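Subject: Structure handover and notes

Hello,

Here is the structure for your files. My notes come after it.

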Amino acid sequence: MLSSRYSFVVLTLFSVLLTRAYGLPKVRPIYDIQPRKTVEAHNKIRAEVGVAPLVWNKTVAAYAQRFANRQAKAGVCDYGSMKHSGGPYGENIAAGWVQPEDQMSGPIAAKYWYTEKPNYDYATNKCKDVCGHYTQMVANQSFSLGCGSFRCHDNELIYIVCDYYPMPVGDEHTRPY
């Protein structure tokens, strides 16, 4: 019985030491973004409305990742505090918690932005509710995209930032498609 308690204590101490030594696993942004699948998700949505496909743009992706890195360094983890970069590209941002399935990623963010489609009225070129993420995705003025990501709350909250080049016009006189 004594050896059983001793083994438990040793195993527990060993587990604590390993966790402190190695910490949480490092997560590379590219795993959250999934460039190929993100482009595929966008292009499936664009094909529905007859818009040419997008291609992955490494320059735009680097910009998005630099912006994501600045947000992470500034500790912007509250969605209400997140602001757009204000840069030279069109931009969508989404956040979601780590989950066993359908964890926030580039493709999941695209599906999330797609849910705004019913809010866009093509005849009037107006939104009945939030639809700017959707119209950004399908804007025929853009032909490439790049995305970045960052994590908060011990890697449990994932932000996805996708930028679109060139920036669509996005005014009341210009339809996205």
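This is a predicted model: local features need pLDDT of at least 70, side-chain atom pairs count only at pLDDT 80 or more; totals for chains, interfaces and linings use all residues.

Residues are numbered from 1 along each chain as its sequence is written, and side-chain values use heavy atoms, with hydrogens and water left out.

Sheet

Helices (H or I, at least four residues) and strands (E, at least two) are DSSP runs numbered from the N terminus. An open sheet of 4 strands has the order E1-E5-E6-E2, with mixed pairing. Strand E1 (55–56) and E2 are the edge strands, each with a single partner, so one side of each has no neighbour in the sheet. Two strands count as paired if DSSP finds at least two bridges between them. E1 pairs with strand E5 (residues 144–152) in the parallel sense, over 2 bridges, and valine 55 is opposite serine 144 in E5.

Helix H4 (residues 58–74) lies across E1, E2, E5 and strand E6 (157–165), at about 20 degrees to E5. Contact here means heavy atoms within 4.5 Å. Axes are lines fitted to C-alpha atoms, for helices over the stretch in contact, and angles run from 0 to 180 degrees between N-to-C directions.

Glutamate 91

Glutamate 91 is located in strand E2 (residues 90–97). Buried means under 20% relative accessible area, exposed over 50%, and partly exposed in between (1.4 Å probe, protein chains only). Glutamate 91 is buried but has no salt bridge; the nearest side chain of opposite charge is that of arginine 70, 7.5 Å away. For charge, Lys and Arg count as positive and Asp and Glu as negative, with His and the chain ends not counted. The side chain of glutamate 91 does reach the backbone nitrogen of serine 85, at 2.7 Å. Leaving aside residues up to four places away in sequence, glutamate 91 touches residues including Tyr63, Phe67, His84 and Asp163.

Salt bridges

A salt bridge is a side-chain nitrogen of Lys or Arg within 4 Å of a carboxyl oxygen of Asp or Glu. The count by this rule is 3.

- Aspartate 32 and arginine 151 have their closest N and O atoms 2.7 Å apart. This pair links distant parts of the chain, 119 residues apart: aspartate 32 is in helix H2 (residues 29–33) and arginine 151 in strand E5. Aspartate 32 is buried, at 4% relative accessibility.
- Arginine 36 and glutamate 40 have their closest N and O atoms 2.8 Å apart. They are 4 residues apart in helix H3 (residues 35–48), about one helical turn. Arginine 36 is exposed at 54%, and glutamate 40 is partly exposed at 43%.
- Glutamate 48 and lysine 117 have their closest N and O atoms 3.1 Å apart. Glutamate 48 is in helix H3 and lysine 117 in the loop between helix H5 (106–114) and strand E3 (120–121), 69 residues away.

Backbone

Most residues other than glycine have a negative phi, and most peptide bonds are trans. Glutamine 34, in the loop between H2 and H3, has a positive phi of about 55 degrees. Asparagine 155, in the loop between E5 and E6, has a positive phi of about 70 degrees. Tyrosine 165 and proline 166 are joined by a cis peptide bond, with omega about -15 degrees. Proline 166 lies in the segment after E6.

Regards

Conventions. A polar contact is a pair of N or O atoms within 3.5 Å; within protein, one must be able to donate a hydrogen and the other to accept it, and residues adjacent in sequence count only if both atoms are side-chain atoms.
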